[in-house]
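Visitor: Hi, could you walk me through this one? I'd like to start with the charged side chains.

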Amino acid sequence: MTLWDGELPFYPQSRRAAGFNVPLLIVILVFLTLAASFLLILPGIRGHSRWFWLVRVLLSLFIGAEIVAVHFSAEWSVGRANTNTSYKAFSAARVRAHVGLHVGLEGINITLTGTPVQQLNETIDYNEQFSWRLGEDYAEEYTEALEKGLPDPVLYLAEKFTPSSPCGLYRQYRLAGHYASATLWVAFCLWLLSNALLSMPVPLYGGLALLATGAFALFAVLAFASIASVPLCPLHLGSSAITSHYGAAFWVTLATGVLCLFLGGAVVGLHCARPSALRTFLDRSVKNGGNQARGGSPLSLNNPFYKQFGASDVTISTNL
């Protein structure tokens, strides 16, 4: 087997990091555009209701953006390790590197960064994605990674998640991710429904929809957390072991579910205790003192022409 510039010929050169997750970036930009559009029309809202609508709209957009964005995040389960490990097959060379394992609902992301980055006359900076979403074949992606000749640490971690691996990680994380993703899409639909209902004179149903949104967000968290009850395969790289823990996406989804339950419970509770106060609070477009014909307000009609003929002043009063 011949060498070319000191490297085995079937290894590609200069594998660079993949960078930002494109679908996640699109979701963030869409919701940021909606928020910016609302901020442009915010000065047109008069009085104290401006701040009410600011909090209401931005909070609602945050909930919707979080529910959609976590589908494309690889931060549900995270593991990291600094290790001294072999770098390539058929070579005794070892490198000092930082290895990261990021598990999402649709696959895993493996990073390998040298410390320092330049070692063995190469730039060690890899970011590889392996998907198990519907329509994707994880085993085929792993085979392509073997053909590309990716570094040993990347292939080792990717192999642990293959369907044929005795570890069983593929089945555990794939099923948990599918169930969590399905319940989150239901939560997103309920979030849309709650916004529509809270904009109509049916706050009770809007609060119930918010409660259901929070419940399904928590169901997604519980579905992903179900893998914790199954013994996971140990992951060793050199002298170090990778231990996984719940990532930012998991905790943000949990917080969003609790927030939706709190807001929905507050709306339902106010509807049961003081429904008139809830309607006034939600309908801030009605100014204080500008609402005529509210229960008990008299409407007086005077006819001045009776005075011209010496008739007594007639006043007609009615309650609306």
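Visitor: Which side chain meets R133 in a salt bridge at 3.2 Å, N to O?

Guide: The side chain of E106 meets that of R133 there, a salt bridge being a side-chain nitrogen of Lys or Arg within 4 Å of a carboxyl oxygen of Asp or Glu. The pair links distant parts of the chain, with E106 in the loop between β2 and β3 (107-119) and R133 in the loop between β4 and α3, 27 residues apart. Please keep in mind that this is a predicted model, where local features need pLDDT of at least 70 and side-chain atom pairs count only at pLDDT 80 or more, while totals for chains, interfaces and linings use all residues. Residues are numbered from 1 along each chain as its sequence is written, and side-chain values use heavy atoms, leaving out hydrogens and water.

Visitor: And what network is R133 linked in?

Guide: A network of salt bridges links E106, R133 and E136, and the side chains of E136 and R133 meet at 3.7 Å, N to O.

Visitor: How many salt bridges does the structure hold?

Guide: It holds three, including the one between E122 and K88 at 2.3 Å, N to O.

Visitor: Are E122 and K88 buried or exposed?

Guide: Both E122 and K88 are buried, where buried means under 20% relative accessible area, exposed over 50% and partly exposed in between (1.4 Å probe, protein chains only).

Visitor: Switching topic, what about E147, buried or exposed?

Guide: E147 counts as exposed because its relative accessible area is 61%, and its place is in helix α3 (residues 138-148), helices being DSSP runs of H or I with at least four residues, and strands runs of E with at least two, numbered from the N terminus.
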